[in-house]
Amino acid sequence: MAAPKRIGIFVEFNYEDLELWYPYLRFREEGMNTFTIGPEEGKVYKSKNNYPCKADVGIDSVTVEELDALIIPGGFAPDYWRRDKRFVNLVKDMYTSGKPVASICHGAWMFCSAKILQGKRVTCFCAVKDDVENAGAIYEDSPVVVDGNLITSRVPTDLPDFCKAILKQLQ
């Protein structure tokens, strides 16, 4: 029997509630091991709506080899992650490894900061559109866009399509 897939999900202050919790629980339903990755292991981070989430592991203890996929939720949290080279480097290394790396909403900022968007098709929250285009991406206004191992979505109502695209790459 194969070991369960391991999916890391970033967490930080002001994350978007649904964009973290929906995939966290959805992939657990599939028998996968989902866990949160924060700046500090064990620290509790509150969402935009004040919902708490404890970081299961700290960013310093995560390697690409331990992950089968990485999910970057939106909200205002990506603005913190993009300033931290540890998070940016994990995103870049996941992309380079060919493993699925998925962002929703403002999470696409991480792809800009990792400098991996040149010529890639992506979607994101409308306020981030200029940023992804300036980073060299081709923006599409669609519920989900898959370009190689990059998976992107716009808003919480896109989560069913977002999760289906991630599952497809993990099978």
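This is a predicted model: local features need pLDDT of at least 70, side-chain atom pairs count only at pLDDT 80 or more; totals for chains, interfaces and linings use all residues.

I started with Arg26, which is partly exposed because its relative accessibility is 24%; buried means under 20% relative accessible area, exposed over 50%, and partly exposed in between (1.4 Å probe, protein chains only). Residues are numbered from 1 along each chain as its sequence is written, and side-chain values use heavy atoms, with hydrogens and water left out.

Which residue does Arg26 bridge to? I found a salt bridge with Glu30, the closest N and O atoms being 2.9 Å apart. (A salt bridge is a side-chain nitrogen of Lys or Arg within 4 Å of a carboxyl oxygen of Asp or Glu.) Glu30 is partly exposed too, at 39%.

Next I checked Arg86, which forms a salt bridge with Asp84 at 2.7 Å between the closest N and O atoms. Arg86 is partly exposed at 33%, whereas Asp84 is buried at 18%. Shared partners also join Arg26, Glu29 and Glu30 into one salt-bridge network. My count of salt bridges by this rule is 11.

Four of its five residues are buried, so the rest of the structure largely encloses strand 1. Strand 1 runs parallel to strand 2 (residues 33-38), with five bridges joining them; pairing takes at least two DSSP bridges. In this pair, Phe10 sits opposite Ile37.

Terms used. Helices (H or I, at least four residues) and strands (E, at least two) are DSSP runs, numbered from the N terminus.
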